[in-house]
Every structure is written in C-alpha cells, then in structure tokens.
2 protein chains.
Amino acid sequence: MDDIGDMAKAGQAAPRKLSRGARRQQLIEATIETIAARGYSRTTLTDVARHAGLSHGLVNFHFQTKEGLLTETLKYLAEEYRQNWTAALEAAGASPAEQLDALLRSDFNPAICTNARLSAWCAFWGEAQCRPMYQDLCGSNDDDYNRTLEDICTRLVAETARPGDPVRIARVIRITTEGVWLDMMTMTDAYGPAEAMRTAFTCAAAFFPEHFDDRGVLGRKRL
Amino acid sequence: MDDIGDMAKAGQAAPRKLSRGARRQQLIEATIETIAARGYSRTTLTDVARHAGLSHGLVNFHFQTKEGLLTETLKYLAEEYRQNWTAALEAAGASPAEQLDALLRSDFNPAICTNARLSAWCAFWGEAQCRPMYQDLCGSNDDDYNRTLEDICTRLVAETARPGDPVRIARVIRITTEGVWLDMMTMTDAYGPAEAMRTAFTCAAAFFPEHFDDRGVLGRKRL
DNA sequence: AATCTGAATGAATGATCGTACATTTAATGA
DNA sequence: TCATTAAATGTACGATCATTCATTCAGATT
C-alpha cells in the first residue's frame with residue numbers, strides 16, 4: 001500500500017501531475033465519498049471526478065471503465081479492512097480472549113469505521129448478490145477472517161466447562177459486528193461507535209461470561 | 001391488502017385486462033424478481049415489464065415514475081413483513097419465551113424468506129443510506145418490532161436471576177436475524193434456512209439458557 | 001348492438017451518462 | 001533549451017433508458 005493520500009496538505013497546493021498510484025488512490029477515495037453521498041445506482045463518473053476536483057476523462061485514463069473503478073474501490077476497501085484486523089491481531093496477546101477483544105476493537109477502529117466507508121460497504125453489499133466479483137470481496141467471504149474467528153472461539157469454548165458449537169458462535173459474533181455497522185448506517189436515530197462496541201461485547205459476554213463483559217475482555221485496565 | 005395474486009392459476013389464461021390492484025401487485029412481484037436477478041442499479045422498466053409479460057408502457061401507467069414503482073415495492077415488502085410477524089405473535093402463547101420463539105421462527109417463514117425477497121431487501125438496504133424514504137421503511141426502523149422485541153427481552157431477563165440490559169440483548173437478537181439473512185444472500189457457500197434458524201436460536205440460548213437451546217424454546221414438541 | 005371507459009400497447013422523444021480521442025500541459029532527461 | 005513521455009482535459013459520439021402519447025382493444029353499460 002503506497003500511502004500517499006495526503007494531497008490536501010495545507011500550504012502548497014496539490015501537484016497538478018501526480019504519480020499513477022497516488023492519483024488512483026485519490027480517485028478511489030472520491031468514489032467512496034460519492035457512493036456514500038449519492039448511492040451506488042446514482043454514482044456517475046462526473047460525480048466522482050468532481051469530488052476529486054479532476055476532469056471526468058481522467059477516470060477512464062486510470063481505470064479504463066466505470067466497472068473497473070468500482071471493482072478497484074471494493075478491492076481497496078477489502079484490503080484495507082484486512083490490513084486492519086491482521087495488524088490488530090498481531091499486536092494482541094496469546095490468549096484467545098485477548099485476541100477476540102483485539103479483533104472486535106479493530107472492527108470499530110475510527111480509521112476504518114467512518115460514515116463514508118460504512119455507506120460504501122453497505123452499497124456494495126446490496127449489489128453483491130448478483131455479482132460474483134463483488135460477492136467474493138465482501139466481508140462474509142473473507143475465509144481467513146472466518147477461520148481465525150472460529151479458531152479463537154474453539155479455544156475459548158475449550159476454556160469453559162460448557163458445551164457449544166464454535167462455528168455457530170463465531171458466526172453469531174461476526175454477524176453481530178456486521179449488524180451493528182448496518183445499524184449505524186440505516187437507523188434514523190443511530191447510536192454511536194461506543195454503544196456499537198458495547199453491543200458487540202454484550203454478544204461476546206453472552207457466550208463467554210468468564211472472559212468478557214460489555215466493556216471488553218476481563219482483567220484489563222479500563223478507561 | 002387485496003390479495004388477488006393468483007393470476008397463474010392453471011387452466012384459463014390470465015385475463016388480458018385486470019383490476020388496478022391486481023395488476024399493480026403483479027408488477028411489484030415482477031420488480032422483486034428483477035431486482036433479485038439483475039441488482040438494483042441495473043433494473044430497468046423494460047426488464048420489469050418483460051418479467052411480468054407486459055409492455056413497459058404499462059408500468060408508467062400504473063406507477064407514474066420508476067421511483068414510484070420502487071418505493072411501492074419496498075412498501076409492499078415492509079407491509080408483508082409486518083403482517084407476518086404480527087400474525088405469528090398473535091398465535092403465540094403468553095410467555096415471553098414462547099413469543100420470542102414465535103417471532104424468530106416467523107422471520108424464517110418460507111413464504112417471506114425466499115431468495116428473491118431477501119435479495120430485494122438487501123438491494124434496498126444498500127440504497128437506503130442516502131434515501132430517507134427507504135431508510136424509514138427498512139427493517140431496523142420498524143419501531144413496533146423493536147419495542148415488541150425489547151418488551152419480550154425485558155420480561156425474559158426478569159425471569160432469570162442474572163442482570164442484563166434488555167435493549168442491548170434485543171438489539172443483538174434482531175441483528176443476528178438480519179445477519180443470517182445477509183449470509184444466506186452474500187455467502188458463496190451459504191447455509192440453508194434450517195442452519196440459519198439454528199444460528200438465531202444459538203444466540204437466543206446464549207442470553208437465555210434457561211428458556212432456549214439451539215432448536216428453539218425448551219419444553220416443546222420437536223420435529 | 002352501439003357506446004363508453006379505462007387498461008394496454010409500442011413507437012417516438014429527450015435526457016443522461018459512459019466511452020473514445022484529439023489536444024493541451026507538465027515533468028524529465030539529454 | 002529542446003525533445004520526449006506521460007498525465008490531464010474537455011468535446012463529441014453513441015447507447016441506454018425513463019417518459020410521453022397517440023392508438024388499439026377489451027369489457028361494461030345502456
């Protein structure tokens with residue numbers, strides 16, 4: 001990830017001419033904003049270009065077709081999401097409880113979990129059912145994520161005395177996170193990220209009360 | 001609801017001329033199928049008309065504009081959903097556990113929970129973030145449903161010794177249902193309605209193990 | 001039967017939008 | 001300084017599609 005997305009840096013104006021990668025990233029960010037603002041079906045290349053402050057011909061120059069731009073945007077979001085949770089997991093401790101805590105927190109990382117990004121995800125989700133390419137890239141099909149979560153749940157279940165199907169538990173936990181995102185988008189009187197995270201932890205605590213309460217993993221400093 | 005949706009009744013052909021209500025319903029059903037098959041953004045009036053075996057001019061005759069057709073379709077789905085859960089609730093017993101059981105089962109009623117309908121819901125959801133009209137009609141904003149579910153959870157929590165926030169619990173349960181629907185749509189190797197319902201009950205059992213297991217409410221005949 | 005009403009058709013229209021491309025502009029290197 | 005290369009622009013074209021409307025047609029009314 002060439003992270004050069006700092007063109008609005010105060011002081012000197014953005015360069016008229018930019019490297020291929022930087023311009024692509026700028027256009028992708030503009031696409032996310034446009035989808036969030038106007039919806040997928042009403043997003044036009046002119047809109048995207050206007051958001052980026054560029055001419056609409058440039059979009060085709062960098063992405064050949066509109067479909068190309070949209071696909072690349074979804075790939076960008078998927079990769080970003082993946083980077084986010086893998087990094088969080090690496091930084092976490094060895095115990096499954098700490099790892100689940102880290103994973104859930106990473107899902108509400110303010111860098112990832114912005115209004116525009118959630119809206120865009122939501123829009124792609126809506127289109128995914130009839131587009132195999134989108135379907136593969138949408139969250140529920142991130143095999144690594146699912147396997148990791150199932151593995152953590154398996155280890156957590158083993159630490160409790162009670163029986164429980166780790167696959168179903170992992171599914172409920174994943175789904176709860178996705179659902180809380182949807183709420184933040186579609187509910188008219190939505191709650192904020194703090195309440196969202198508490199809801200996710202409420203779910204984790206229901207399955208693993210020995211390890212969690214609605215603030216996160218037990219036995220940690222609280223803010 | 002004038003329920004005249006039986007035009008494909010074998011034997012005599014469908015009447016060339018139909019009452020206003022019946023034709024509208026037929027076109028709405030065709031819209032649901034079209035959205036499911038081609039996605040929201042690629043749905044055209046010609047597609048819809050072709051699905052219904054009618055001319056595309058007729059759509060405007062009955063619904064003035066394309067937006068009108070789509071809005072009416074969403075209203076139709078919302079009303080259908082509402083009818084479904086309220087009927088299920090009325091038929092249920094008085095105890096909160098039986099009522100939650102009935103509510104969850106109604107969400108997977110095969111009449112409501114078809115592939116086409118789930119796809120259509122999903123598509124509207126994706127567009128809802130930037131359309132207040134859609135936003136109001138989408139599931140998470142059904143105040144009656146939310147209040148009912150919260151009320152049931154409050155009574156269930158009262159029956160257990162443990163503490164617990166009924167609002168958050170109700171939210172997790174609602175979200176799990178929605179999430180399972182999404183899975184059935186967007187996952188490449190999706191599971192069926194049976195496993196979906198079990199997942200929903202797994203969630204209910206996590207909060208109310210005295211009342212539920214992953215097959216539903218306890219103390220009932222099983223199939 | 002004749003008339004009337006409103007449903008249904010499909011060709012014509014006009015607007016929107018993606019794509020192509022000729023032209024302009026900026027940076028790089030000789 | 002000039003030449004070369006790549007980025008960026010904006011006009012023009014063509015396709016798609018929602019909408020309109022004159023016309024046709026079926027059923028009801030008299």
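Colleague: With which residue does Arg171(A) form a salt bridge?
Modeller: This is a predicted model, in which local features need pLDDT of at least 70 and side-chain atom pairs count only at pLDDT 80 or more, while totals for chains, interfaces and linings use all residues. Side-chain values use heavy atoms, with hydrogens and water left out; residues are numbered from 1 along each chain as its sequence is written, and chains are lettered from A and ligands numbered from 1 in the order in which they are written. With a salt bridge taken as a side-chain nitrogen of Lys or Arg within 4 Å of a carboxyl oxygen of Asp or Glu, the closest N and O atoms of this pair are 2.9 Å apart, and the partner of Arg171(A) is Glu195(B).

Colleague: What area is buried between chain A and chain B?
Modeller: The contact (heavy atoms within 4.5 Å) takes 44 residues from chain A and 44 residues from chain B. Buried area is the accessible area (1.4 Å probe) that two parts lose on being put together, summed over both. Carbon and sulfur atoms give 54% of a total of about 3,900 Å².

Colleague: Which three residues supply 17% of the area that chain A buries against chain B?
Modeller: Their share is more than that of any other three residues. The three are Gln129(A), Arg168(A) and Thr186(A).

Colleague: Are helix 5 and helix 9 of chain A roughly parallel or roughly antiparallel?
Modeller: Axes are lines fitted to C-alpha atoms, for helices over the stretch in contact, and angles run from 0 to 180 degrees between N-to-C directions. Helix 5 (residues 96–107) and helix 9 (residues 166–186) of chain A pack at about 20°, with their axes 11 Å apart. Angles under 35 degrees count as roughly parallel, over 145 as roughly antiparallel, 65 to 115 as roughly perpendicular and the rest as oblique. The two helices are therefore roughly parallel.

Colleague: Which residues of helix 9 of chain A meet helix 5 of chain A?
Modeller: From helix 5 of chain A come Leu100(A), Leu104(A) and Asp107(A). Helix 9 of chain A meets them with Ile173(A), Thr177(A) and Trp181(A).

Key: Helices (H or I, at least four residues) and strands (E, at least two) are DSSP runs, numbered from the N terminus.
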